[in-house]
Amino acid sequence: MDPLRPLPDSPCVRNCCLDEQDVCLGCGRLLTEITGWQAAGAEQREAILARAAERRARRPGAWVGKGRP
């Protein structure tokens, strides 16, 4: 872990609503990823962002860009 590595910003788009699998419909993160975001290091955050992007891409009709449409 590189202490000088900048932390990625939260992908939160202020559209918080969880589906039946506890995945946020706005950002694509799991509830556990959302609640653990502040404690996560840069490497962990990047992994969370990648998994969230995959979830958003798999959701039918989902917005896959960064931020709000």
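In this predicted model, the buried residues of helix α2 are Ala 42, Arg 45, Ile 48, Ala 52, Arg 55 and Arg 56. They sit on the same side of α2, because they cover an arc of only 140° around the axis. An α-helix has 3.6 residues a turn, so residues three or four places apart point the same way. The cover over the buried residues of α2 includes α1. The opposite face, turned away from the buried side, carries the exposed residues Glu 43, Ala 57 and Arg 58.

Helix α2 runs over residues 42-58 and has 17 residues. From its first C-alpha to its last, α2 reaches 25 Å. That is close to the 24 Å expected at 1.5 Å a residue. The protein chain has 2 helices and 0 strands. The other helix, α1, spans residues 31-35.

The protein chain has 69 residues, and 29% of them count as buried. Its accessible surface comes to about 4900 Å². Carbon and sulfur atoms account for 56% of that surface. Contacts were also sorted by separation in sequence. Among those between residues at least 6 apart, 47% join residues at least 24 apart.

The cysteines come next. The structure holds 0 disulfides. Cys 12 is in no disulfide, and its nearest cysteine sulfur, that of Cys 16, is 4.2 Å away. For Cys 17, the closest cysteine sulfur belongs to Cys 24. The two sulfurs are 7.6 Å apart, which is too far for a bond. Both Cys 12 and Cys 17 count as partly exposed. The relative accessibility is 24% for Cys 12 and 41% for Cys 17.

Arg 14 has a positive phi of about 60°, although Arg 14 is not a glycine. Asp 22 is likewise a residue other than glycine, and its phi is positive, near 60°. Arg 14 lies in the segment before α1. Asp 22 also lies in the segment before α1. Arg 14 counts as exposed, at 64% relative accessibility. Asp 22 is partly exposed, with a relative accessible area of 38%.

Conventions. Residues numbered from 1 in each chain as written. Predicted model: local features only at pLDDT ≥ 70, side-chain atom pairs only at ≥ 80, totals over all residues. Heavy atoms only, no water. Disulfide = S-S within 2.5 Å. Buried < 20%, exposed > 50% of the residue type's maximum accessible area, 1.4 Å probe, protein only. Helix = DSSP H or I, 4+ residues; strand = E, 2+ residues; numbered from the N terminus. Contact = heavy atoms within 4.5 Å. Areas by Shrake-Rupley, 256 points an atom, 1.4 Å probe, with all protein chains shown as cover. Expected span 1.5 Å × (residues − 1). Arc of directions from axis to C-beta.
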